[in-house]
Amino acid sequence: ERGMSALLLCRLFIACVCSVLLWCAPVWYTSIKQKGLVQHLQAVQNLACHWILGIYHGASPASTNFLCSLPPLSVYLEYSKTNTALCQR
């Protein structure tokens, strides 16, 4: 067995890739007619989950996200938008 563990790869993805993917998301994400944009970002996360787990690319994205303990990006974007709105004064 070589390389980093799945846990470390997942942490690397969250720290490096997600921070760039979702940079300034509370500003641009409105959840109104942005399904196509979120699908593009979700495709990147799905590829990363396949890479982290080292499994076949035909596996279900929902199951790979679950195995990596990553929420779907639409859920995270809604959380980020709500959290930012609550922190505004």
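**Close-up views of the predicted model**

View 1. Leu-12 is partly exposed, with a relative accessible area of 37%; buried means under 20%, exposed over 50%, and partly exposed in between, with a 1.4 Å probe and protein chains only. The model is predicted, and local features need pLDDT of at least 70, side-chain atom pairs count only at pLDDT 80 or more, and totals for chains, interfaces and linings use all residues. Residues are numbered from 1 along each chain as its sequence is written, and side-chain values use heavy atoms, without hydrogens and water. Leu-12 belongs to helix α1, residues 6–21; helices (H or I, at least four residues) and strands (E, at least two) are DSSP runs numbered from the N terminus. Together with Met-4, Leu-8 and Trp-51, Leu-12 makes a nonpolar surface patch of about 410 Å². Accessible areas come from the Shrake-Rupley method with a 1.4 Å probe, and for residues only the protein chains shown count as cover. Patches are made of residues with over 30% relative accessible area and no salt bridge, like charges being joined within 9 Å and nonpolar side chains (Val, Leu, Ile, Met, Phe, Trp, Tyr) within 5 Å. A salt bridge is a side-chain nitrogen of Lys or Arg within 4 Å of a carboxyl oxygen of Asp or Glu.

View 2. Nine residues make up the largest nonpolar core: Leu-9, Cys-10, Phe-13, Cys-18, Ala-48, Cys-49, Ile-52, Cys-68 and Leu-70. Such a core is a set of buried Ala, Val, Leu, Ile, Met, Phe, Trp, Tyr and Cys residues joined through side-chain atoms within 4.5 Å. Two or more of the core residues come from each of α1 and α3 (35–53), and α1 gives the most, with four residues. A second, separate core has eight residues, including Leu-21, Tyr-29, Val-38 and Leu-77. In soluble globular proteins, nonpolar side chains tend to be buried together.

**View 3. The surroundings of Cys-49.** Apart from neighbours within four places in sequence, Cys-49 is in contact (heavy atoms within 4.5 Å) with Thr-64, Asn-65, Cys-68 and Leu-70.

**View 4. Cysteines without disulfides.** The structure holds zero disulfides, a disulfide being a pair of cysteine sulfur atoms within 2.5 Å. For Cys-16, which is in no disulfide, the nearest cysteine sulfur is that of Cys-18, 9.9 Å away. Cys-16 is partly exposed, with a relative accessible area of 43%. Cys-68 is also in no disulfide, and the sulfur of Cys-49 is its nearest cysteine sulfur, at 3.8 Å. Cys-68 is buried, with a relative accessible area of 6%.

View 5. Although not a glycine, Cys-24 has a positive phi of about 65 degrees. Cys-24 lies in the loop between α1 and α2 (25–28) and is partly exposed, with a relative accessible area of 34%. Ser-31, likewise not a glycine, has a positive phi of about 65 degrees. Ser-31 lies in the loop between α2 and α3 and is partly exposed, at a relative accessible area of 35%.

**View 6. The setting of the close-ups in the whole chain.** The protein chain has five helices and zero strands. Its C-alpha atoms fill a box of roughly 50 × 25 × 20 Å along the principal axes. Of the 89 residues, 28% count as buried. Among contacts with a separation of 6 or more, 58% are between residues 24 or more positions apart.
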